[in-house]
Amino acid sequence: EEASDAIVIVNDDGRITDANEAAGTIFGVKDNELLGRSLTEFFPDEFAFDTEWQDFQETGNQRDTTTIIGADGVERIIEYSGTAEIIPGQHLFISRDISERRERERELEVAETVFQNTQDALVLVDVVDEQEYHLNRVNDAFEDLTPYGRPDITGLSPQEMLGDEVGGDIQSRFNECVARQETIEFEQVVPGDEEPRIWQVRVTPIIQDGEVTQLVLVMRNITERKERE
């Protein structure tokens with residue numbers, strides 16, 4: 001009863017004979033309302049339940065990911081494992097709702113695509129400690145637009161990368177972003193091999209459990225625009 005995973009026991013006909021509270025949450029009902037109901041009620045019409053059920057009974061074990069539709073109408077992605085004949089005629093299924101995890105994975109895939117394909121230089125910075133920041137990742141555009149490569153800068157602080165003066169300016173901007181927990185924008189002059197470059201920088205915090213854990217920098221070289229102005 002205290003398990004966080006959903007646990008149900010079903011008979012040979014695929015009807016639920018026992019279930020814990022977590023199972024009720026996944027199936028969208030109170031756990032005692034699951035008793036006697038068929039598993040087929042909770043699968044989409046296109047799910048080949050009869051075939052899957054026969055395979056399960058023949059193999060005795062099954063582990064998979066599938067989609068169910070709860071009695072509350074909510075569609076959930078679950079990860080489950082089944083063991084047949086824990087006692088004659090009774091079969092055990094343990095499952096967990098991974099819908100949020102799958103959604104985060106999809107969001108990360110989209111973010112990764114944007115990260116690598118945008119024309120702006122992007123930098124991901126880890127907030128290591130209070131007022132301490134280490135560069136984590138850069139995209140291809142960053143390497144194309146700056147003299148810095150991935151192996152050269154990974155793990156460096158702004159001061160280690162750009163020197164005390166410019167690095168200190170950038171760190172103070174990072175501090176501001178972390179303190180406000182909101183996106184900030186600024187222009188930053190960075191010395192170059194031949195002439196300084198002027199960058200328009202947008203810093204966005206990534207917040208987890210109320211704390212800023214990383215910063216995303218979007219950088220655009222506006223040196224030529226400034227010269228025209």
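Visitor: Why does Arg76 count as buried?

Guide: In this predicted model, Arg76 has a relative accessibility of 11%. Buried means under 20%, so Arg76 counts as buried.

Visitor: What makes the pair Arg76 and Asp72 a salt bridge?

Guide: The closest N and O atoms of the two residues are 2.9 Å apart. The cut-off is 4 Å between a side-chain nitrogen of Lys or Arg and a carboxyl oxygen of Asp or Glu, so the pair qualifies. Asp72, at 40% relative accessibility, counts as partly exposed.

Visitor: How many salt bridges does the structure hold?

Guide: The structure holds 13 salt bridges. One of them joins the side chains of Arg37 and Glu41, at 3.0 Å from N to O.

Visitor: Why is Arg37 called partly exposed?

Guide: Its relative accessibility is 23%. Partly exposed lies between the 20% limit for buried and the 50% limit for exposed, so Arg37 belongs there. Glu41, at 41%, is also partly exposed.

Visitor: Which residues are linked in a network of salt bridges?

Guide: Arg173, Glu176, Arg180 and Glu182 are linked in this way. Glu182 is partly exposed at 37%, and Arg180 is partly exposed at 41%.

Visitor: What makes phi of Glu85 worth a remark?

Guide: Phi of Glu85 is near 55°, a positive value, and the residue is not a glycine. Most residues other than glycine have a negative phi. Glu85 is placed in strand β4, residues 75-87.

Visitor: Where is Asp209 found, and why is it called exposed?

Guide: Asp209 is in the loop between β9 and β10.

Visitor: What makes the pair of Asn20 and Asp5 a polar contact?

Guide: A polar atom of the Asn20 side chain lies 3.0 Å from the backbone oxygen of Asp5. The distance limit is 3.5 Å, so the pair falls inside it.

Visitor: How many residues has the largest nonpolar core?

Guide: That core has 24 residues. Among those with the most contacts inside it are Val123, Phe174 and Leu217. A second, separate core of 22 residues includes Val10, Leu39, Ile68 and Tyr80.

Technical notes:
Residues numbered from 1 in each chain as written. Predicted model: local features only at pLDDT ≥ 70, side-chain atom pairs only at ≥ 80, totals over all residues. Heavy atoms only, no water. Core = buried A, V, L, I, M, F, W, Y, C linked by side-chain atoms within 4.5 Å. Buried < 20%, exposed > 50% of the residue type's maximum accessible area, 1.4 Å probe, protein only. Helix = DSSP H or I, 4+ residues; strand = E, 2+ residues; numbered from the N terminus. Polar contact = N/O pair within 3.5 Å; in protein donor to acceptor, adjacent residues only side chain to side chain.
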